[in-house]
Amino acid sequence: MTLFPEMIEAGIKCGITGKAINKGIIELEAVNIRDYTNERKHLKVDDYIYGGGAGLLMQAQPIWDCYLDILKRIRKDRERQAANGLTANSHGNGKPVRVIYMTPQAEVLTQSKVTELAGEEELIILCGHYEGVDERVLEEIVTDNISIGDYVLTGGELPAMVLIDAVSRFVPGVLHNSESAETDSFQNGLLEYPQYSRPEIWNGKRVPGVLLAGDHEKVDEWRLDQSLKRTRERRPELYEAYVEKHREKREEM
Ligand code: ADE
């Protein structure tokens, strides 16, 4: 749900996510909230803020009606899939649809939240604009508030694209090599190790010898070492959490 559907489509319909859409592995619909406003003269979707304050607020009505329409279409889709014996999950047609509001007033997105959301059949994402959204409609529909970082953007569209991209990578068939989503930075709580391609020597710099010798065990050891070193240097708080987790695991054994 957005005021700028072209922005979402331009961002997501390119590259790997675009290919996944063309192949029918994921579906994306950028729904224009403005199409649902009852103020048909100027198609207004925002108004002044009660109690004063700068700027305008997105009103509840267009968002609520937009949401109801999307929900109706999702339910119809589920019925059609069930009739064709294609229902992918065991929850049938009654499973609530998660509605995510992109907002800086929330917990910051993590890889574990991304993998959790990738398990859903459908996601509805609300992109805010102006000074925000009337709280009452948020209370009615939002199940998850998500921030992409402690900084403020002009709208929720870029954050929504970040979320869609990150979640899509975990949908089977979106990435060529299903291994690459699993060996990513963060998947094991560490940053990824450095990688090299041809040529063996570039600008006088050699590819580390261990990667050329063909001993897979040694390669794995080297990569873990590099991951640990990089995480300690660049993200000490992640490193501490990793060390703590592995200490607990050893104590359990
Ligand atoms: N909208 C504006 N800034 C945002 C952020 N950092 N994360 C999510 N949504 C936002």
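Q: How do the axes of helix α8 and helix α9 come together, and at what angle do they cross?
A: The axes of helix α8 (residues 216-234) and helix α9 (residues 236-252) come within 5 Å and cross at roughly 130°, where axes are lines fitted to C-alpha atoms, for helices over the stretch in contact, and angles run from 0 to 180 degrees between N-to-C directions. Helices here are DSSP runs of H or I with at least four residues, strands are runs of E with at least two, and both are numbered from the N terminus. This is a predicted model, in which local features need pLDDT of at least 70 and side-chain atom pairs count only at pLDDT 80 or more, while totals for chains, interfaces and linings use all residues. Residues are numbered from 1 along each chain as its sequence is written, and side-chain values use heavy atoms, with hydrogens and water left out.

Q: Why is α8 called oblique to α9?
A: Angles under 35 degrees count as roughly parallel, over 145 as roughly antiparallel, 65 to 115 as roughly perpendicular and the rest as oblique; the crossing is roughly 130°, and therefore α8 is oblique to α9.

Q: Which residues make the contact of α8 with α9?
A: With contact meaning heavy atoms within 4.5 Å, it is made by L224, L228, T231, R232, E233 and R234 of α8 and P236, L238, Y239 and Y242 of α9.

Q: What makes α4 roughly perpendicular to α6?
A: The axes of helix α4 (residues 111-118) and helix α6 (residues 157-168) come within 9 Å and cross at roughly 70°, and that angle makes α4 roughly perpendicular to α6. The contact is made by V114, L117 and A118 of α4 together with L163, A166 and V167 of α6.

Q: How many residues of each class are in the contact of α4 with α6?
A: Ala, Val, Leu, Ile, Met, Phe, Trp, Tyr, Cys and Pro count as nonpolar, Asp, Glu, Lys and Arg as charged, and the others, Gly among them, as polar; this contact has six nonpolar, no polar and no charged residues.

Q: Which backbone atom of Y151 lies 2.8 Å from a nitrogen atom of the ligand?
A: It is a backbone N or O atom of Y151, and a polar contact is a pair of N or O atoms within 3.5 Å, although within protein one must be able to donate a hydrogen and the other to accept it, and residues adjacent in sequence count only if both atoms are side-chain atoms. A backbone N or O atom of I148 lies 3.0 Å from a nitrogen atom of the ligand.
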